Amino acid sequence: MFWQKDIEALSRKALEELQLKRLKQTAHRACKNIPFYKERFSKLNIKPNDITSLKDIQRLPFTTREDLRENYPYGMLAVSKEQVVRLHTSSGTTGKPKAIFFSKKDVDRAAELIARCLIMTGIKKDDVLQNMMTYGLFTGALVMHYGAEKVGVLVIPAGPGNTKRQIALMQDFKTTTLHLTPSYALYLASVMGNEGLVPRRDLSLRRAYLGSEPYSEETRDKIEKFFGIDVYNSYGLSEMNGPGVAFECVNKNGMHLWEDNFIMEIIDPDTGKKLPEGEKGELVLTTLCREAMPILRYRTRDIVMIIPGKCKCGRTHRRISRIIGRSDDMIIIRGVNIFPQQIERVLMGIKAVAQNYQIVLEAYDQMTVRVEISKDLFDGRVEHLVNLQNEITEKLRSELLVKPKVELLEPGTLPVSEGKSTRVIDKRTL
Ligand code: ADP
Ligand code: ZN
């Protein structure tokens, strides 16, 4: 099923022609209306007219989150304030927020992109979507909400938290689809498990859209099995509208990135040079349709790779892999680079591991992984715990090449977050 088949299945040639046309327009508008870009272009001694092919994008300046902060609040606006209808800010996981503006057209385009995503997963008008992301300045909930309404789905604006009420809503309104963070999905599973609720038997769930923070295939697997649903990965960031940038289709083999709205590049984060398709590197995105706030070559800091080859669904927009990590949440222990997600993958692949874990960095060379495990293991038989502790330590060592300390905890010991979770506690900088 397609929402806009003519665009979603456009031939690569036509898609690239469209990208070039829109890139030229975007560069012109940015340069003309945003002093920041005007200055950057003149420093690099280039003009929007110098863009004659898609390759020329590599000559344009990068935009970083520091640039957005320095131009806070109104500096990056390309239209007059009368044309702006909405403000969002980035959730600020990694520092001070950035202001993101939408014109009426931008709100509508963002909703269109979400509509494509939802239809791509087989949603229908009679579906009921319980939106458990945070409403407010964060883009996650509102952008999804508008997109789902565009499709004609019934949206329950539940927001996160109040887990008992969430379950009641699911029961009363026969929710079929959830939109939430992976950490909240795991928490929800543990609450339902404790209450003896069996989703397959007691609820009407069919699918969930999980995004806004990194998670592994193992976590997807765990959530799909517990709820008896299909889980689709959803990627986005406030600077690029929020959700709806890239999303999985029914094949669940990477996320189609809407290339008529964004140009993607994968670069080496250290040198800034473009990497060949199939190599992992930092994702850089350029908006092609944004009216209020066009952004050129945004350094997302997210490490991904483009999945080569065509998708069976017929969409021509290329797919990106699961987000491997953020270039700035990489942990360095004894000179070894580690992404928190590698740890998650190992933990979620072990059956006795429950839902929650935390990584504590203590000294420059010491990392402790605190992990909640199944309640039944705390039955007084110490050797079970020792065996499990050794198993986890060894599996982590072989994945990370560094041996962490492993602490086993009863379920419910670690704090639970409703929004984005904080998995890494860095005591080295406190
Ligand atoms: P921030 O967290 O930077 O303050 P956002 O709330 O806009 O701002 O979050 C966007 C970031 O969330 C992305 O850059 C990415 O790191 C992360 N993210 C979003 N969706 C996913 C996903 N499906 N998988 C992994 N990470 C994701
Ligand atoms: Zn597909």
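Me: Into which domains is the protein chain divided?
Reply: Domain bounds come from an automatic or database domain assignment, and here the chain is divided into domain 1 (1-328) and domain 2 (331-429). This is a predicted model, in which local features need pLDDT of at least 70 and side-chain atom pairs count only at pLDDT 80 or more, while totals for chains, interfaces and linings use all residues. Residues are numbered from 1 along each chain as its sequence is written.

Me: How many residues does the contact take from domain 1 and from domain 2?
Reply: Contact means heavy atoms within 4.5 Å; domain 1 gives 28 residues to it and domain 2 gives 17 residues.

Me: What area is buried between domain 1 and domain 2?
Reply: Buried area is the accessible area (1.4 Å probe) that two parts lose on being put together, summed over both. Between domain 1 and domain 2 it is about 1,700 Å², with carbon and sulfur atoms giving 54%. Of the area that domain 1 buries against domain 2, Leu 186, Glu 218 and Lys 222 supply 27%, more than any other three residues.

Me: How many salt bridges does the rule find across the interface of domain 1 and domain 2?
Reply: A salt bridge is a side-chain nitrogen of Lys or Arg within 4 Å of a carboxyl oxygen of Asp or Glu, and across this interface the rule finds 0 salt bridges.

Me: Which helix or strand gives the most to the side of domain 1 that touches domain 2?
Reply: Helices (H or I, at least four residues) and strands (E, at least two) are DSSP runs, numbered from the N terminus. On that side of domain 1, α8 (182-194), α10 (217-227) and β15 (325-326) each supply at least two residues, and α8 gives the most, with 6 residues.

Key:
Chains lettered and ligands numbered in written order. Heavy atoms only, no water.
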